[in-house]
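Hi,

Here's the structure I said I'd pass on.

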Amino acid sequence: MAAKLFRAAAAVAVSAMLALGASAQGLIRDAEIEETLREWTDPILEVAGLVPADVELYIINDASLNAFVANGQRIHLHTGLIIEAENAAQIKGVIGHETCHIACGHTVARMRAASVAMRPALVSIGLGILAIAAGEPGAGAALIGSSGQFAALNFYIHTRSEEAAADAAAVKYLAALGQSPAGIVEFFENFRYQEVLSDARRYPYFRAHPLASDRIRTTRELAEATGLMDTPPTEREQRQYEMMRAKLVGFLDTPLKVRRDYPATDKSPPARYARAISGFRASDIQTALTEIDSLLAEEPDNPYFNELKGQILFESGRAADSVEPHKRSLELLPGQPLFLINYARSLNARNADGDTAAAETALRDALVAEPDNAFAWAQLAITLEHQDRRAEAQLATAESAYWVGDIVRANAFAKRAAQTLDKSTITYRRADDIILITDPNNPDNREFYERYGRKPRLSLESSQRPMPFGDFSAAGRP
C-alpha cells in the first residue's frame with residue numbers, strides 16, 4: 001500500500017512540476033495570423049542556424065500570457081500573449097527567446113534537469129509517507145503536498161542560466177537582422193511586477209521564465225550595446241501587428257470588449273476589422289458586411305479581407321455568394337491551404353455545375369500541404385459523395401476521423417471502404433493501413449494508441465499532378 005501511495009504521489013509531483021505552461025483550450029488556425037508570425041519568425045530561425053521548415057509554430061487559444069517550446073522543434077504562442085504585447089518587436093523578442101531554447105539545446109537539457117529536480121521532491125514524498133505511518137497524517141500530507149514546489153524550485157535553479165542565455169541570444173538574433181531588440185526589454189519591464197507576486201498568481205510565462213531585476217538589467221545592457229534600440233518598426237510590421245490583434249480581439253473577446261477597444265468613432269482599418277468580426281460573431285451580419293465592405297473598398301486586393309467576407313456570407317447562409325470572395329482570396333494568395341479549404345466548402349454547399357470537380361482539386365491541393373487536416377478530409381468526403389464515389393468518400397471520412405483521434409470511427413469507415421475499393425490501388429492500401437493502425441484487437445498497437453504519436457503521411461498521390469490553385473506544400477514554398 002505504501003509503495004502504491006509513493007508511486008501515485010510521485011506522479012502527482014512530476015505533473016505539478018512539469019505543468020509550467022497554462023492549459024490550452026485548443027489551436028487557432030488562421031491564414032493571416034499564421035503568415036504574419038511566419039514572416040517574423042523564419043528570419044530569426046535562419047539566423048539561429050535552424051531550418052524554418054523544420055520548426056512548427058502553433059497558436060493556442062488561451063487568454064493567459066504564455067509562450068513555450070515543447071515536443072521538439074515546436075514554438076507555441078498563446079493568444080493572450082499576442083494581445084497583451086504592445087507591438088511586433090515585443091512578440092519578436094519572445095520568439096527569439098524561445099528560438100534559443102531550440103537552437104541552444106535547452107529542451108534536451110531541461111529533461112535532464114527535471115530528473116534531477118525530482119530528487120528532493122521524492123525525498124519529501126518519502127518523508128510524508130513515513131509521517132503518515134507514524135501517526136501524523138497532517139504533517140505527512142503537508143510534506144507530500146509541498147513536494148511539487150520543492151521540485152519546481154530546484155528545477156528553476158537549473159533553468160536560470162538557460163533563461164539568461166536565451167535573453168542574450170534573442171538580442172543577438174535581432175541585431176543580426178538589423179532589427180531593434182528593444183521589444184524583449186520592454187516586454188520584461190512591462191511585467192517586472194510579476195516577480196513580487198506569489199507563484200499561483202503569476203502569468204504562466206513568468207512561472208516558466210522567472211524574472212529577476214539583474215536579468216532585466218543585463219538584457220537591457222546587451223540590447224543598448226547593439227546601437228539598434230531606437231530602430232523603429234517598419235510600417236508593414238506595425239500594420240500587421242495591429243490587424244492581427246484586432247482580429248484576435250474580434251473573434252475571441254466579447255462585443256463589449258470590442259466596443260471599448262475599438263469604438264465606433266475609430267475609423268482606422270484595425271478598428272473596422274475588429275468590429276466586422278465582432279458583428280459576424282454576434283450574428284449582426286449587416287454591421288459585419290458594412291465594415292468589411294468599407295475595408296474592401298479601400299483594399300480590394302487584400303486576400304484576408306476577401307476571405308473574411310466569404311466566411312461571413314457562408315456562415316450567414318449565403319453559400320452561393322461566398323464562392324466569389326473565397327475564389328478572389330486564392331487569386332491573391334495562391335495555394336494557401338486554409339483558403340483552398342474555405343473555397344471548396346463554399347463550392348460543396350453551392351453544388352452547381354463544375355463545383356464538385358473544382359472542390360476536389362482544391363481540397364487535394366490543400367491536403368498536399370496539410371495531409372493531417374481533418375476538416376479538409378471531411379470536406380473531401382462530401383465532394384466524393386456528390387460524385388457517387390462512395391468507397392473513396394468512406395476512406396476520406398476514415399482519414400478525417402483518424403486525424404482527430406477517433407480511432408473507432410476511423411476503423412469502421414476504413415473497413416467499409418476496403419470492401420469496395422480495388423485492391424490494386426493506392427486508396428485501398430491506405431484503407432488497409434488505417435485498418436491495421438486503428439484495430440483495437442491488435443495487441444501490437446495498444447501502446448501506440450496510448451502515446452498518440454501517429455505521423456503517417458501515406459495519403460495522396462500528387463506526383464506531377466497540376467495544381468491550378470498554387471502549390472503551398474513545404475517543397476513549394478519560397
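Strand E2 is mostly covered, with four of its five residues buried (buried means under 20% relative accessible area, exposed over 50%, partly exposed in between, with a 1.4 Å probe and protein chains only). Bear in mind that this is a predicted model, where local features need pLDDT of at least 70, side-chain atom pairs count only at pLDDT 80 or more, and totals for chains, interfaces and linings use all residues. Residues are numbered from 1 along each chain as its sequence is written, and side-chain values use heavy atoms, leaving out hydrogens and water.

E2 (residues 56–60) pairs with E4 (residues 74–78) in the parallel sense over five bridges; two strands pair if DSSP finds at least two bridges between them. Strands (E, at least two residues) and helices (H or I, at least four) are DSSP runs, numbered from the N terminus. Glu56 sits opposite Arg74 in E4, and Ile60 has His78 as its bridge partner there. E2 also pairs with E1, this time antiparallel over two bridges, with Ile28 opposite Ile59. The whole open sheet has four strands in the order E1-E2-E4-E3, with mixed pairing. Its edge strands are E1 (27–28) and E3 (67–69), each pairing on one side only.

Then there are the helices. The axes (lines fitted to C-alpha atoms over the stretch in contact, with angles from 0 to 180 degrees between N-to-C directions) of H16 (residues 319–332) and H17 (residues 337–350) come within 8 Å and cross at roughly 155°. That makes H16 roughly antiparallel to H17 (under 35 degrees counts as roughly parallel, over 145 as roughly antiparallel, 65 to 115 as roughly perpendicular, the rest as oblique).

Cheers
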